[in-house]
Amino acid sequence: MRRKIPSLQALACFEAAARHQSYTRAAQELALTQGAVSRQLTTLEDFVGVALFKRTRHGVTLTDRGRDYAAQVTIRLQALEQDTLDVMSTQGRGSVLHLAAVPTFATRWLIPRLPELKAAQPDLTVHIETRTRPFMFADTPFDCALFAGTPEQVNQWAGTLATKLVDEVVLPVCHPSLLQGQGSLSAEALVALPLLQQSTRPDAWRQWFEAQGVAAPQALLGARFELFSMTVAAAVHGMGLALVPRLLIMQELARGDLVVACDRPLANQRAYYLVRPVGRDNPAATQAFLDWLLLAATDLMN
């Protein structure tokens with residue numbers, strides 16, 4: 001039986017035109033003429049029997065039905081592209097795992113250990129993209145996610161199962177020059193030093209000083225960075241104190257690029273988890289990855 005599916009060329013034209021809200025820019029992206037894009041979209045509208053675009057003084061805009069259709073088409077074209085890349089990357093052999101991960105943890109902890117995973121699971125290929133907040137697995141190609149958060153945050157992630165890998169120990173660190181020859185400083189002394197802020201955790205310094213029973217009216221001031229990797233780089237260059245997880249700066253501590261300014265960790269109940277969607281396919285690859293992660297996390301704590 002013939003499927004009621006438009007041509008892939010028509011759908012590609014539609015997705016590009018919907019994204020750009022312009023036939024001209026869609027044509028430029030797809031290396032086609034504007035007329036060719038227009039014809040493909042007219043054919044698509046005839047096929048589905050509804051108007052997908054309406055003309056305005058500034059070009060075209062999606063109709064309500066067109067907007068709904070574009071959202072679904074975009075997801076399916078991305079999935080089709082991903083499936084194709086998966087086959088190309090493995091030459092049809094082995095299994096592929098699509099992983100979402102918090103960026104600095106992926107860069108500094110996971111990726112250096114991937115050769116060990118390859119040795120243990122030679123047929124498993126892991127593709128990694130960054131995500132810093134919970135998302136709907138149904139709207140993405142991800143099989144699982146490496147997530148940093150509290151138990152409450154993990155429990156509120158609907159439709160998922162989470163396995164804790166390792167607790168997060170957050171400490172104030174800095175370049176040795178900021179200590180002016182001292183081995184460490186008191187919590188009170190840190191109030192006078194410049195603080196580096198993490199935009200994803202804007203209250204971290206305030207929470208740390210409150211936990212030490214120290215008044216710090218300047219706790220929210222200081223240069224702000226989006227990623228831990230940026231904050232760490234700023235600390236290494238002597239810009240101020242960074243409040244970061246110890247496991248993300250093991251190399252800097254070992255080299256002496258950073259030192260612990262005050263050995264009082266922030267007890268924030270945060271940890272790193274592997275989060276999996278309930279009912280998603282690819283359970284064998286996900287379970288193999290989880291088994292390896294648990295062993296790697298155990299080695300880290302020993």
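On a 1 Å grid over the protein atoms alone, a cavity is a set of points where a 1.4 Å probe fits but cannot get out, whereas a pocket is an open set with protein on both sides within 12 Å along at least five of seven lines, and lining residues have an atom within 4 Å of a point. The structure is a predicted model, in which local features need pLDDT of at least 70 and side-chain atom pairs count only at pLDDT 80 or more, while totals for chains, interfaces and linings use all residues. Residues are numbered from 1 along each chain as its sequence is written, and side-chain values use heavy atoms, with hydrogens and water left out.

A search of the whole structure finds 1 cavity of 30 Å³ or more, and the volume of the largest cavity is about 40 Å³, a volume being the space filled by probe spheres set on grid points that are joined across faces, edges and corners. Its lining consists of L196, Q197, Q198, R201, A204, W205 and L243.

The largest pocket has a volume of about 520 Å³ and is lined by 27 residues, of which A148, T200, R201, F228 and R270 lie nearest its centre. While α5, β5 (144–149) and α9 each supply at least two residues of that lining, the largest share, 3 residues, comes from α5. The pocket lining has 15 nonpolar, 7 polar and 5 charged residues.

R270 belongs to the loop between β11 and β12 (271–277). Its relative accessibility is 16%, so R270 counts as buried, a label that means under 20% relative accessible area, with exposed being over 50% and partly exposed in between (1.4 Å probe, protein chains only). Leaving aside neighbours within four places in sequence, R270 is in contact (heavy atoms within 4.5 Å) with A148, G149, T150, Q153, D167, E168 and R201.

F228 leads on to helix α10 (residues 228–236), whose buried residues are F228, T231, V232, A234 and A235. Seen down the axis of α10, these residues fall within an arc of 160°, so they line one face of the helix; the arc is that of the directions from the helix axis to the C-beta atoms. The elements that cover them include α5 (103–110), β7 (170–174), β8, β9 (224–225), β10 (242–245) and α11 (250–255). Just after α10, G238 takes a positive phi of about 75°.

The antiparallel pairing of β7 with β11 runs over 2 bridges, and C174 stands opposite V259 in β11. Elsewhere, strands β1 (residues 53–56) and β2 (residues 59–62) pair in the antiparallel sense over 4 bridges, forming a hairpin with 2 residues between them, and the bridge partner of T56 in β2 is G59.

Key:
Two strands pair if DSSP finds at least two bridges between them. Ala, Val, Leu, Ile, Met, Phe, Trp, Tyr, Cys and Pro count as nonpolar, Asp, Glu, Lys and Arg as charged, and the others, Gly among them, as polar.
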